[in-house]
Amino acid sequence: MKHAPKLALLVAAGMASAGAQAADFEVSENTTLTLGGEVVLNYLYEKKTDGRNDTDFKDDGSLVILGGSRDLGNGVTAYVESEFTYNVLGNSDSFERDTSILGFTGDFGEVAIGASDNVFEDLITDAVDPFENASLDGASLSEEDSMLTYYSPDMDGFSFRLQGRHNNRDNDNDANDDAEVSLIAAAEYDFGPVALAAAYDSRGSEDSGEGDDFKSQDHVVGLAAVAQLSDRVEASARFAQENDQAGNDTDYTAVAVSYNYGGGDLYGAAQSVDPSTGSSSTQTAAGVNYGITDGLVIFAEYGDLDRELSDGTTDFEDQDNKKLGVAGLIYEF
């Protein structure tokens with residue numbers, strides 16, 4: 001859940017986790033199965049960029065997680081995890097696999113294959129994102145499927161993460177299949193009360209929306225710092241720059257603060273979005289959560305995201321939120 005302290009996330013291992021409430025079942029001396037998941041319910045107020053006001057009561061990502069690990073000997077452990085999404089409100093009958101990952105851990109670090117989190121997002125974007133819903137805009141990054149990821153072990157506070165993505169798209173009308181290829185790298189150093197991180201995402205290419213074609217993109221770079229100011233207060237900052245092939249760039253500069261008041265957290269963030277062409281904008285958001293009991297959290301958030309109507313479109317399905325208010329519940333099992 002996103003209200004976890006970001007300093008802990010910066011120095012955490014990459015191994016997938018089924019959540020604090022997940023149940024482990026030892027099926028043999030070397031093999032463990034894991035079952036867990038969460039229910040996420042939100043009541044939302046949304047002010048769209050075209051001026052409409054919407055309200056909605058929805059399931060915002062309930063899932064079941066199945067996983068397992070096995071000790072292969074010689075200090076190597078293999079694990080697998082899959083997430084299956086469903087709708088607890090009954091608005092949909094679907095029960096679909098969302099992501100899956102296979103990994104190996106040992107003294108060498110960790111290797112993960114599948115739908116791993118983008119390591120740029122892990123160390124840069126999430127550094128100032130304590131929100132469940134009211135997240136500030138971030139740079140556009142490589143998609144999170146078809147990943148091969150390496151997480152180094154901790155080396156006296158320093159660690160790094162390398163990631164490659166190759167998504168081939170078959171084109172029946174072309175002997176040369178188009179491919180979407182990205183390279184991502186991130187590193188962080190934990191000084192104790194402060195952790196610093198830097199990351200790069202080549203972004204490679206993305207689906208152009210025209211048949212099986214891909215269009216090239218330029219890279220994204222970012223820096224982040226997270227400081228534990230006291231036992232209850234954490235502050236963070238990030239800078240990211242997104243480039244395009246026309247020579248334009250967009251800078252994202254953000255700060256966030258989180259205060260643990262005992263029963264939960266009070267948190268907020270502000271960001272300047274500064275494109276080299278067009279108007280700059282200032283985004284702000286704040287929230288509070290409260291832990292009712294172990295595994296059950298309620299929260300409320302509000303964000304003024306300062307977005308504009310894009311391209312003059314009036315397509316209802318294509319409008320971003322300009323302002324967002326949400327009250328929600330998260331139950332982990």
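How many helices and strands does the protein chain have? The secondary structure comes to 2 helices and 20 strands. Both are DSSP runs, numbered from the N terminus: helices are H or I with at least four residues, strands E with at least two.

## About the model

This is a predicted model, so local features need pLDDT of at least 70, side-chain atom pairs count only at pLDDT 80 or more, and totals for chains, interfaces and linings use all residues. Residues are numbered from 1 along each chain as its sequence is written, and side-chain values use heavy atoms, without hydrogens and water.

## The chain overall

The protein chain has 333 residues, and 39% of them are buried. Buried means under 20% relative accessible area, exposed over 50%, and partly exposed in between (1.4 Å probe, protein chains only).

Take contacts (heavy atoms within 4.5 Å). Among those between residues at least 6 apart in sequence, 53% join residues at least 24 apart.

## A nonpolar patch

Y259, Y261, L266, V288, Y290, I292 and I298 make a nonpolar surface patch of about 580 Å². Nonpolar side chains (Val, Leu, Ile, Met, Phe, Trp, Tyr) are joined within 5 Å, like charges within 9 Å.

Strand β18 (residues 281-293) gives the largest share, 3 residues. I292 lies in this strand. Its relative accessible area is 45%, so I292 is partly exposed.

Key:
Patches are made of residues with over 30% relative accessible area and no salt bridge: like charges are joined within 9 Å, nonpolar side chains (Val, Leu, Ile, Met, Phe, Trp, Tyr) within 5 Å. Accessible areas come from the Shrake-Rupley method with a 1.4 Å probe; for residues, only the protein chains shown count as cover. A salt bridge is a side-chain nitrogen of Lys or Arg within 4 Å of a carboxyl oxygen of Asp or Glu.
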